[in-house]
Amino acid sequence: MELHGVSSGDLEVKSPAEKFFSFVTDDINGSFDNIEDKMETMNLEDRTLTMRMSGCLISESYKTVKATITVSPKEDGAGSCVAWRVEFEKIRHDIEDPHLVINTLIDVLVNYLKETDENLLL
C-alpha cells in the first residue's frame, strides 16, 4: 500500500470570496472538534490557506495530514468556488486503507464549508 495519498474537490458557495475566506481564516482554529490544526501558510492575495492537522485517530496512523483551501470568485460574480485538497502520509505501509478516517475528515471539512456559507448569507 502507498504511504502517500491525496483527495480533492470543489464546492460552490453563494458568499463572496473575500468575505468567505476572511471568515474561514478567522474561525479555523475553533472549528474542528478534537483535531489540533496548525496554520502552515496563508496567502491573502490568492485566498489560500494550508493547515496541518493532528490529534484523535489522525496521529495514530498518519505522519502528516495537510488540508489546503482556496477560495476564488466565480466568473459571473455570483458567489465563489472553494477548492479543497487533503494530503496525507501514513506512518507505515501496513496501515489499513485510510479512506474511513480521511473521508470522515473530508466530510467534516465540507460540512463546515457549507455551514459557513449558510451562516454568512443570514
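The dialogue below goes through these features.

Author: This is a predicted model, where local features need pLDDT of at least 70 and side-chain atom pairs count only at pLDDT 80 or more, while totals for chains, interfaces and linings use all residues. Residues are numbered from 1 along each chain as its sequence is written, and side-chain values use heavy atoms, without hydrogens and water.

Reader: Which residues touch the most other members of the largest nonpolar core?

Author: A nonpolar core is a set of buried Ala, Val, Leu, Ile, Met, Phe, Trp, Tyr and Cys residues joined through side-chain atoms within 4.5 Å. Buried means under 20% relative accessible area, exposed over 50%, and partly exposed in between (1.4 Å probe, protein chains only). Here the largest core has 27 residues, and Phe20, Val65, Val86 and Leu113 touch the most other members. Helix 3 (99–121) is one of the elements that each supply at least two residues; its share, 8 residues, is the largest. Helices (H or I, at least four residues) and strands (E, at least two) are DSSP runs, numbered from the N terminus.

Reader: What is the nearest side chain of opposite charge to Lys66?

Author: Lys and Arg count as positive, Asp and Glu as negative; His and the chain ends are not counted. A salt bridge needs a side-chain nitrogen of Lys or Arg within 4 Å of a carboxyl oxygen of Asp or Glu. Lys66 lies in strand 4 (residues 62–73). Lys66 is buried without a salt bridge, and the nearest opposite charge is Glu40, 4.0 Å away.

Reader: Is Met39 buried or partly exposed?

Author: Met39, in strand 2 (residues 36–43), is partly exposed, with a relative accessible area of 34%.
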